[in-house]
Amino acid sequence: GEEGADAADAAAAVKPPFQDDNKDFYRAKMNSTEDRTFLRDGIRSNLPDGADVNASFPPTPLGLPPQKLTRRCVFLDNMLAASELVDENARKEFEEDVRGECAKCGLIEAMATPTPSAEAIELAHPGRCYVKFQEEFSARAAREMLDGRVFDGRTVRASLATDEEFERAAAGAWLPPRPPPGDPSLCGILRLRSVPYEATKTDVVNFFYGMGVTEDKVKIVLDANSASTGEAFVEFSGDDANISQALMKDRAVLGSRCVEMFRSSLEEVQRMAMMGRPLM
């Protein structure tokens, strides 16, 4: 009896990280700036000499369930000229007009109409507004209702935005114009290196949360024994695709390793398969 108990204690002592009872701890670390230095130092050894870990993003733990992407924010562009939003009263009147239309789709949690920058006015950027709904289905309904509608002689462009975009706009940032969803400049394939051997497709999807990656778009490169080589190909496509944002995570942490990424192509993926390298 005592020997069995000792064996159980020993097994518990060597239990790998990211088990169920540790997930809350690592979730907290994902949002902890204080812990990033500690985690960064712990994975420095898998980088080329002189390379720094990308600590701009919190580490992504392994073993978490798929993180569901929600889009509660709508970005409304080209409703009027940016120069018409310089005055605070004009911005308030504009927001009230937008609110009246968007309220038909559901409860609005917040709105943001940033003051245009001098550069935006000089370059004749269109004015924009961000609307955050309480529910995702309301945001999607607003996008469908407003995209392509004519407002004050202009054709409105409506698309779903991230919470980060909304928060930056609410803080007063005039974000640069972005291509429409699904634009070729936002799509493509990345080749990853130094992926943890035990990482699953779900882990890779969580690493690129919100950037248009699903499990069917992840191909893990295997060796002759069907074990991971630490390399993978990831495709970015669809309305949520954002390969530019993904590249900003170069050398960010997945599990306990720093992932390097490079632009790739479908041809490279096909060459890998023709060389007899299994892809999972």
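Partly exposed here means a relative accessible area between the buried limit of under 20% and the exposed limit of over 50%. Arg 193, at 37%, falls into that partly exposed class. Keep in mind that this is a predicted model.

**View 1. The whole chain, for orientation.** The protein chain has ten helices and twelve strands. Of its 280 residues, 42% count as buried. Take the contacts between residues at least 6 apart in sequence: 72% of them join residues at least 24 apart. A search of the whole structure turns up 14 salt bridges, and the next views pick out a few.

**View 2. Glu 260 meets Arg 193 across two strands.** The two side chains form a salt bridge, 3.5 Å from N to O. Glu 260 sits in strand S12 (residues 260–264) and Arg 193 in strand S7 (residues 188–193), so the pair ties together parts 67 residues apart in sequence. Glu 260 is buried, at 10% relative accessible area, while Arg 193 is partly exposed.

**View 3. A pair within helix H4.** Arg 99 makes a salt bridge with Glu 96, with 3.9 Å between the closest N and O atoms. Both belong to helix H4 (residues 88–102), three residues apart, or about one turn of the helix. Arg 99 is partly exposed at 31%.

**View 4. A salt-bridge network.** Glu 101, Lys 104 and Arg 149 are linked here. Between Glu 101 and Lys 104, the closest N and O atoms are 3.1 Å apart. Glu 101 is partly exposed at 24%, whereas Lys 104 is exposed at 58%.

**View 5. Ser 138, tucked into the buried class.** This serine lies in helix H6 (residues 136–146). Ser 138 has a relative accessible area of 2%, so it counts as buried. Leaving aside residues up to four places away in sequence, Ser 138 touches Cys 105, Gly 106 and Phe 133.

Definitions and conventions
Residues numbered from 1 in each chain as written. Predicted model: local features only at pLDDT ≥ 70, side-chain atom pairs only at ≥ 80, totals over all residues. Heavy atoms only, no water. Helix = DSSP H or I, 4+ residues; strand = E, 2+ residues; numbered from the N terminus. Buried < 20%, exposed > 50% of the residue type's maximum accessible area, 1.4 Å probe, protein only. Contact = heavy atoms within 4.5 Å. Salt bridge = Lys/Arg side-chain N within 4 Å of Asp/Glu carboxyl O.
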